Amino acid sequence: MHDVFHIINTINTELPQYITLFGKKIYILLFIVIFAKTAYVVLTFLPGDATLFAGGTIAASGELHFHILFVLFFLATVAGDAQNYLIGKLVGQLHKSKTSFSINKFISPHAINKTDAFLTQYGKLAIMFSRFVPLLSTTLPFISGFTGYSFKRFISYNAPGAAIWSFTWVGAGYLIGNIAWVQRHMFISLLCITLLSLVPPAIAFIIEYTKKVTTATEVTES
């Protein structure tokens, strides 16, 4: 069991070795890692962005296929988020029932209310771009289910976000992952890409917030 955990937790840094060890089965392992990280809040520490980036880097050398990786990570993300949502919904039902179970033992009411308010305020933008925000990427699907947010709406916004996230990181690895400087400064490279990937959602949130403020001002003045 320790060996399995070690492989999953280090797949982003030792991917070439695992390709040699597992061959084509590496695709299954990559799917499991991203699905597990996405589907279970307690496994949020598993490598996500770095795994996609590493996969894209290997794809550039021809050992893995870019299109297969993109589809694989997209499906793993959507399926994982769906399960995370459903777990949240089940926990929410237990929380509201007369049983002794209470979610407050695991997640503070403040965290739940804060995430719920964020979801209510930004809606589709929050769901679509939450993949790019550490921790929020795994807690938001759970809280969406917990608070009873529409599953149909959740999936309709989540799928485009999963596609953008998968393409961004696999594409980044494919394009620049094999540059010597990037390989020597992997941590800095991943940090820079993470910051750059936050620009589009930040702009979207600013635009949405500006619209809300403008609308509220017009209503007040009228």
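Modeller: One term to begin with: helices here are DSSP runs of H or I with at least four residues, numbered from the N terminus. Also, this is a predicted model.

Colleague: Fine. Where do Tyr-18 and Phe-22 lie?
Modeller: Both are in helix H2, four residues apart, which is about one turn of the helix.

Colleague: And are they buried or exposed?
Modeller: Tyr-18 counts as buried because its relative accessibility is 6%, under the 20% cut-off. Phe-22 is partly exposed, with a relative accessible area of 30%.

Colleague: How many aromatic pairs are there?
Modeller: The count comes to 10. One of them is Tyr-18 with Phe-22: the ring centres are 6.3 Å apart and the planes are at 50°, so the pair is tilted.

Colleague: What about Phe-70 and Phe-167?
Modeller: Their ring centres are 6.2 Å apart with the planes at 90°, so that pair is edge-to-face. Phe-70 is in helix H5 and Phe-167 in helix H9, so the pair ties together parts that are 97 residues apart in sequence. Phe-70 itself is partly exposed, at 24% relative accessible area.

Colleague: Which residues do ring pairs link into a cluster?
Modeller: Phe-66, Phe-70, Phe-74, Phe-167 and Tyr-174.

Colleague: Back to H9. How many residues has it?
Modeller: H9 has 26 residues. From first C-alpha to last it reaches 37 Å, close to the 38 Å expected at 1.5 Å a residue.

Colleague: Which residues of H9 are buried?
Modeller: Among them are Phe-154, Tyr-157, Asn-158, Gly-161, Trp-165 and Trp-169. As for Trp-165, Arg-131 lies over its face, at 4.5 Å from the ring centre.

Colleague: New topic: the largest nonpolar core. Which residues touch the most other members?
Modeller: Of its 35 residues, those are Ile-11, Leu-15, Ile-26, Leu-30, Leu-64, Leu-69 and Phe-73. Elements giving two or more residues to this core include helix H1 (2-9), helix H2 (15-22), helix H3 (26-39) and helix H5 (66-96).

Colleague: Which helix gives the most?
Modeller: H3, with nine residues.

Colleague: And what does Leu-15 touch?
Modeller: Leaving out residues up to four places away in sequence, Leu-15 touches Ile-26, Leu-30, Ala-54, Gly-55, Ile-58 and Leu-64.

Colleague: What does the second core include?
Modeller: That core is separate and has 10 residues, including Tyr-85, Leu-136, Tyr-149 and Phe-154. Phe-154 is also one of the buried residues in H9.

Notes
Residues numbered from 1 in each chain as written. Predicted model: local features only at pLDDT ≥ 70, side-chain atom pairs only at ≥ 80, totals over all residues. Heavy atoms only, no water. Core = buried A, V, L, I, M, F, W, Y, C linked by side-chain atoms within 4.5 Å. Buried < 20%, exposed > 50% of the residue type's maximum accessible area, 1.4 Å probe, protein only. Contact = heavy atoms within 4.5 Å. Expected span 1.5 Å × (residues − 1). Phe/Tyr/Trp six-rings, centres within 6.5 Å; stacked < 30°, edge-to-face > 60°. Lys NZ or Arg CZ within 6 Å of the ring centre and 35° of its normal.
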